[in-house]
Amino acid sequence: MFQMGGGVAPEDQLDKTQTRRVMARVIRMAAPFRRTAYASLACVVVTTSATLAAPVLVRHGIDAGIRARDLFELNLSVGLYLVITALAYTFGRMQYVFLNRTGESFLRELRLKVFGAMQRQSMSFYDRNKAGVLVARMTADIETMGELIQWGLLQFLASGFLVVLAFVVLFTMSWQLTLVVLIVFPAIVIASVKFQRDSNTAYLTVRERVGHNLGTLQEGIAAVRVIQAYAQEDHQIKRFERSNRSLFDSHVRSIRISTWYFGLVEFSGVIATSLVVGMGGWLVHRGTVSLGTVVAFILLLSSLFDPVQQLSQLYNGVQSAAAALHKLFAILDAVPEVDEAADAVALPVRGDLAVRDVTFTYQGGTSPALVDVSLVVHDGERVALVGPTGAGKSTLAKLMARLYDPNFGEVTYGDTNLKSGTHQSLRQRIVVVPQEGFLFNGTIRDNVRLARIQSTDAQVESALDRLGVLSHFERLPDGLDTEVRERGTRLSAGERQLVALGRAALVDPAVLVLDEATSNLDPGTEAEVEAALERLMQGRTTIVVAHRLSTVQRADRIVVVDDARISEVGTHEELIARGGHYATLARAWEKSHIV
C-alpha cells in the first residue's frame, strides 16, 4: 500500500491552477504510454465492480437461497461469488502490472529528459544550483513521483471510484440505511482535514531532521581524523545522540498523528456498523428491508471507510509529487544562457581571439567580475593571465572559451562573434584544460576518447604519442586498458592530468585555455606533465591562467587583471621594469618559492 513519504513546504505548495498545469503536462508526457494506462484503468473498474458485486451476491444468497430454502439460488450465488472473487483477484494483479509498467516507462523518459536538460545547461545554471540539489531532483523527487504513479495514483483512482460506486449501491439497496451510514461522515471529513494539515507539518519536520541527522553522521565520518586527533569522540557521540533523539521525537509525533486518525476512522466504521445492525434489525422486523440487505450493508461498509482513509493518506503524497514535478519541469524549461543561435555558422579554422569592451557579472553577484575589458590574442600567441585571487582572470578565460557570455561587449574568433558560432565548431577550435581533469569510471583509453567519441584506438594512441606520454601509460599492467576507477583514483594526480592533456591533443584545437595545469601535481610527474604541456602548446594560441612565475615567463605577453580590469600588458621584462602590479606579484612568488 502506498505510504505518504513526506510533507510539502509552504514555498513548494502549488495553487489549483499550477497543479492543473502540472498534471496536464504529465498527461501529455504520458501520452505514449496511454494504452497500458487505459488497460490499468479498465482493470481498476473491473476490480472495483467485482468488489462491490460480492456483497450483492451474498444478499441474494441469503434472501433468495437460505431464507427461501431454494438450493439452486444458493448454489448460483456461491458459484457467482467464487467467479467474482477470482475476477477481482486476477484483474487486481493485472492492474498493478499495467500501472507499474506505465509508471516505470514514464519515469524512465522523465529521467532521460531531465538529465539531458541538465547536460545542455550553461555554467551559470550550475552556479545557481548546487550539485546536491540537482542530484536530489533526479533521486528523491523522481522517487516521490514513482511512489505516487506506481502505487498512490492507482489507489487514488480505485478509492475514489469505490467510494462513489459504493454509495450508489448502498442507496439502491436501502436509502434508509444509507442515511444511517452518513451520520458518521461529518466527523470523518473534519478529522481528514485536520489529519492532512497536521501530518504535512509532521512529515516536513521528519524530512528536515532526517537531513540534519545525516549531515551530523556524514561530518562524524568525514572528520574522524580531526575528531580523534583532539580526543573529541565523546562530544561527537553526544552531538549525534541529540540529533538522533530529535529525529526519534519527530517520528513519534508523526506516528501519534496517524494513530489517532486511523483509530478514529476505524472507530467510526464500528459505530456505523452498530447503527446499521440496530436500525437494520428494526427495519427487518418491520419488513422494510431484508436480512440479506443488512448483511450486504455491513460487508460494504469496509469498502466505504477504507477508501476514505486511503484518500486522506494520499492527499499529501499528491501534493508532494506535484511539487516535485514542478521543480523537475523548471529544469526541463530552463533555457541555456550560452545557447546556439538559429543561424549559427562554423567558426574560422584559425584567427585572432579578441575581447572587446566586455563587462560581465555573475548571476546573483553584487559587483561586476569584469568591467570594460578589451584584449586581442593573436593567432599562435601565448598569453598568461595573472592577478590576485578574485581579480577576474579566470572569468576572462571562461568568457574567451564561451563558458559564459558577456553582459556587454563581445568575444570574437577570426572576426566572428562566438555567439554566432556553432557549438561543435566552438569546441573544436577552443578547448579548456581545467586545473584538475575529471576522469570517469572506465579505462584510460575511454577517458581520452571522451573528447571525440568517434575516435579510433589508433587516433587515441597517436594523440598520446604526440605528447610523449604513450610509453608511460603502456608501462602500466593493462596499458591503455587500465581501469582508472571512480574519479581516476587508481592514477596519480599527474597521470590524471596527462589524460586530460591527451583529450585536448585528440581534439587538436587551434586555441588552448589552461587553468594552470601543473599547480597541483606531485614532484614525480610534474616534469613529465610540463613537457607534455609544452608539446601540446606548440603552434597553438594559448591562454594560461598562471599561478607560477616559470609559466608566466614563458609567455609571449603577460596580462595583469586587477580589480575586474586589465591593469598591465607586456612581457616579463617590460612589466618588471615598470614596477607595477606585476612586479609586486613576481616578488611575492619569489618569496614564496612559487617559481
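This is a predicted model: local features need pLDDT of at least 70, side-chain atom pairs count only at pLDDT 80 or more; totals for chains, interfaces and linings use all residues.
Which residues line the second largest cavity?

The lining of the second largest cavity consists of Leu399, Arg402, Tyr404, Asp405, Pro406, Gly409, Glu410, Val411, Asn417, Leu418 and Lys419. The space inside amounts to about 40 Å³, and the structure holds two cavities of 30 Å³ or more.

Sorted by class, five of the lining residues are nonpolar, two are polar and four are charged. Strand S4 is the element that gives the most to this lining, with three residues.

## The antiparallel sheet

Strand S4 also belongs to an open sheet of four strands, arranged in the order S2-S1-S4-S5 with antiparallel pairing. Strand S2 (370-377) and strand S5 (416-417) each have a single partner strand and stand at the edges, so one side of each is left without a neighbour in the sheet. Helix H11 (residues 393-400) packs on this sheet and touches strand S1 (353-360), S2 and S4. The direction of H11 makes about 60° with that of S2.

## The largest pocket

The volume of the largest pocket is about 2000 Å³. Its lining comprises 40 residues, and those lying nearest the centre are Gln119, Met123, Leu403, Arg427 and Leu450. Two or more lining residues come from each of helix H3 (71-119), helix H4 (123-128), helix H5 (131-173), helix H12 (423-429), strand S6 (430-433) and helix H16 (493-507).

By class, the pocket lining has 24 nonpolar residues, together with eight polar and eight charged ones.

Strand S6, one of the elements that line the largest pocket, pairs with S7 in the parallel sense over four bridges. Within this pairing, Ile430 has Val511 in S7 as its bridge partner. Strand S7 also pairs with strand S8 (residues 541-545), again in the parallel sense and over four bridges; there, Leu512 has Thr542 in S8 as its bridge partner.

Are the faces of strand S7 (residues 511-514) covered or uncovered? Both faces are covered, with Val511 and Val513 buried on one side and Leu512 and Leu514 buried on the other.

Key:
Residues are numbered from 1 along each chain as its sequence is written. Side-chain values use heavy atoms; hydrogens and water are left out. Two strands pair if DSSP finds at least two bridges between them. Contact means heavy atoms within 4.5 Å. Axes are lines fitted to C-alpha atoms, for helices over the stretch in contact, and angles run from 0 to 180 degrees between N-to-C directions. On a 1 Å grid over the protein atoms alone, a cavity is a set of points where a 1.4 Å probe fits but cannot get out, and a pocket is an open set with protein on both sides within 12 Å along at least five of seven lines; lining residues have an atom within 4 Å of a point. Grid points are joined across faces, edges and corners, and a volume is the space filled by probe spheres set on the points. Ala, Val, Leu, Ile, Met, Phe, Trp, Tyr, Cys and Pro count as nonpolar, Asp, Glu, Lys and Arg as charged, and the others, Gly among them, as polar. Buried means under 20% relative accessible area, exposed over 50%, partly exposed in between (1.4 Å probe, protein chains only).
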